[in-house]
Amino acid sequence: TQLLSTFNKMLPNMPYAMPKVTIDGLKTGTTEAAGACFISTGTIGSKRYITIVLHANNGGDNRFIATQRLYQFIQKQA
């Protein structure tokens, strides 16, 4: 049996998972031109959202923290 690992810290049971937000698609990455990036697709209720964070370069998990803030903003607008 092989274990799979993920760099997506927003999936269920991961450090940045959010209640009432279902993240079901993603792309993490880092390039010289775009810096640390994270693209997510997810749902809140019956609505689907796509978030894109570029240049989250201050180290650590900033790409996930910025994505959390986007989803928190979306939830407040609903």
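How many salt bridges does the count come to? In this predicted model, the count comes to two salt bridges.

Strand S1 comprises residues 22-31, and strand S2 comprises residues 35-44. S1 and S2 run antiparallel and are joined by nine bridges. Within this pairing, Thr 30 stands opposite Ala 36 of S2. The two strands form a hairpin, with three residues between S1 and S2. Strand S3 covers residues 47-53. S2 and S3 also pair in the antiparallel sense, in this case over seven bridges. Ile 44 has Lys 47 in S3 as its bridge partner. A hairpin is formed by S2 and S3 as well, with two residues between them. In the turn of that hairpin, Gly 45 has a positive phi of about 65°.

Arg 48 forms a salt bridge with Asp 24, and the closest N and O atoms of the pair are 2.8 Å apart. Because Arg 48 lies in strand S3 and Asp 24 in strand S1, the pair ties together parts that are 24 residues apart in sequence. Lys 9 lies in the segment before S1 and Asp 61 in the loop between strand S3 and H1, so the pair ties together parts that are 52 residues apart in sequence. With a relative accessibility of 28%, Lys 9 counts as partly exposed. Side chains of opposite charge can pair when their charged atoms come close.

Ile 39 lies in strand S2 and counts as partly exposed, at 34% relative accessibility.

Helix H1 consists of 16 residues, 62-77. At 1.5 Å a residue, H1 should span 22 Å, and this agrees with the 23 Å that separates its end C-alpha atoms. The buried residues in H1 include Arg 63, Phe 64, Thr 67, Gln 68, Tyr 71 and Ile 74. These residues cover an arc of only 135° around the axis, which puts them on the same side of H1. An α-helix has 3.6 residues a turn, so residues three or four places apart point the same way. The face of H1 turned away from the buried side carries the exposed residues Arg 69, Phe 73, Lys 76 and Gln 77.

Gln 68 is 50 residues from Met 18 along the chain, and the C-alpha atoms of the two are separated by 7.4 Å. Met 18 is placed in the segment before S1 and is buried, with a relative accessible area of 12%. Gln 68 is itself among the buried residues of H1. Lys 76, by contrast, counts as exposed at 69% relative accessibility. The C-alpha atoms of Lys 76 and Glu 32 are separated by 34 Å, the two residues being 44 apart along the chain.

Asn 13 is exposed, with a relative accessible area of 80%. Lys 20 also belongs to the segment before S1. Although Lys 20 is not a glycine, its phi is positive, at about 70°. Lys 20 counts as exposed, at 74% relative accessibility.

Technical notes
Residues are numbered from 1 along each chain as its sequence is written. Side-chain values use heavy atoms; hydrogens and water are left out. Helices (H or I, at least four residues) and strands (E, at least two) are DSSP runs, numbered from the N terminus. Buried means under 20% relative accessible area, exposed over 50%, partly exposed in between (1.4 Å probe, protein chains only). Two strands pair if DSSP finds at least two bridges between them. The expected span of a helix is 1.5 Å times one less than its number of residues. The arc is that of the directions from the helix axis to the C-beta atoms. A salt bridge is a side-chain nitrogen of Lys or Arg within 4 Å of a carboxyl oxygen of Asp or Glu.
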